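Student: I would like to learn how to read the features of a structure that is new to me. Could we go through it together?

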Amino acid sequence: MQQLVSGIVIIAIAAALAFYGTQLAREGWTKVFPGKPIEQSSAVTRPYVIVASTELVVPQDPSKPIQVNFNLKNSGQTGANGQFTDFTYYFSIKPEQREFSYQSSDATSFSLAPSEQWRGHFFPTFLLSVEKLKALNSGAARLFVYAKGEYHDSSGKRYSLPFARMYHPSVAGHLAMPPDDIVFK
């Protein structure tokens, strides 16, 4: 019986310490971020949309164009609505070329709930011949796919979502992030 009472007392003390510790932590948070309780902080509740994966689909028939598949993911706490515009591809045989222009294209819209993924597709008219594929694999040529992207939360606050990938022969999906010195304008 004495052990039971001792156990209940210890549990009660631990619960009281946990409650007051939480209150102290909350007060400390509001001192660091005055005027915004943790529940209302936009950094905590905003959507965070990322390009989770990309894949270059090369058709078996070389007379058919390539396809780019990509997955977006919202890892934030609120929903997001957005779009991509000016999807562009560029096949370059100039290794010194660092600037690439966008081509105008229709917008592709998306809507993501928290933790939701969305699969998008880009259908360029680029035909990947055997010669072009050899040039890409040897490093004599480069293939870029890119677009302008953005999304917004329910209050209308906008966030940038750039999309830029380049062909890489040894990466899963054959698309990797381009070097930092490449500019899309």
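Student: How many salt bridges are there here?

Tutor: As a general idea, side chains of opposite charge can pair when their charged atoms come close. This is a predicted model, and in it the count comes to 5 salt bridges. One of them joins Lys 148 to Asp 86, with the closest N and O atoms 3.2 Å apart. This pair links distant parts of the chain, since Lys 148 is in strand 7 and Asp 86 is in strand 3, 62 residues apart.

Student: Is Asp 86 buried or exposed, and what about Lys 148?

Tutor: Asp 86 has a relative accessible area of 12%, and because buried means under 20%, Asp 86 counts as buried. Lys 148, at 38% relative accessibility, is partly exposed.

Student: Which residue forms a salt bridge with Glu 99?

Tutor: Glu 99 pairs with Lys 185, and their closest N and O atoms are 3.1 Å apart. Glu 99 is partly exposed, at a relative accessible area of 45%, whereas Lys 185 is exposed, at 53%.

Student: What should I look for among the aromatic rings, and how many aromatic pairs are there?

Tutor: Look at the ring centres and at the angle between the planes; the count here comes to 19 aromatic pairs. Among them is the pair of Phe 87 and Phe 163, which is edge-to-face, with 5.8 Å from centre to centre and 70° between the planes. Phe 87 belongs to strand 3 and Phe 163 to strand 9, so the pair ties together parts that are 76 residues apart in sequence. Both Phe 87 and Phe 163 are buried, and they belong to one aromatic cluster that also includes Phe 70, Phe 84 and Trp 118.

Student: What is the volume of the largest pocket?

Tutor: In general, rolling a probe the size of a water molecule over the atoms shows where empty space is left. In this model, the largest pocket has a volume of about 210 Å³. Of the 15 residues that line this pocket, the closest to its centre are Pro 162, Phe 163, Ala 164, Met 177 and Phe 184. Strand 7 and strand 9 are the elements that give two or more residues to the lining, which by class has 10 nonpolar, 2 polar and 3 charged residues.

How values were computed
Residues numbered from 1 in each chain as written. Predicted model: local features only at pLDDT ≥ 70, side-chain atom pairs only at ≥ 80, totals over all residues. Heavy atoms only, no water. Phe/Tyr/Trp six-rings, centres within 6.5 Å; stacked < 30°, edge-to-face > 60°. Helix = DSSP H or I, 4+ residues; strand = E, 2+ residues; numbered from the N terminus. Buried < 20%, exposed > 50% of the residue type's maximum accessible area, 1.4 Å probe, protein only. 1 Å grid on protein atoms, 1.4 Å probe; cavity = no way out; pocket = protein on both sides within 12 Å on 5 of 7 lines; lining within 4 Å. Points joined across faces, edges and corners; volume = space filled by probe spheres on them. Nonpolar A, V, L, I, M, F, W, Y, C, P; charged D, E, K, R; others polar. Salt bridge = Lys/Arg side-chain N within 4 Å of Asp/Glu carboxyl O.
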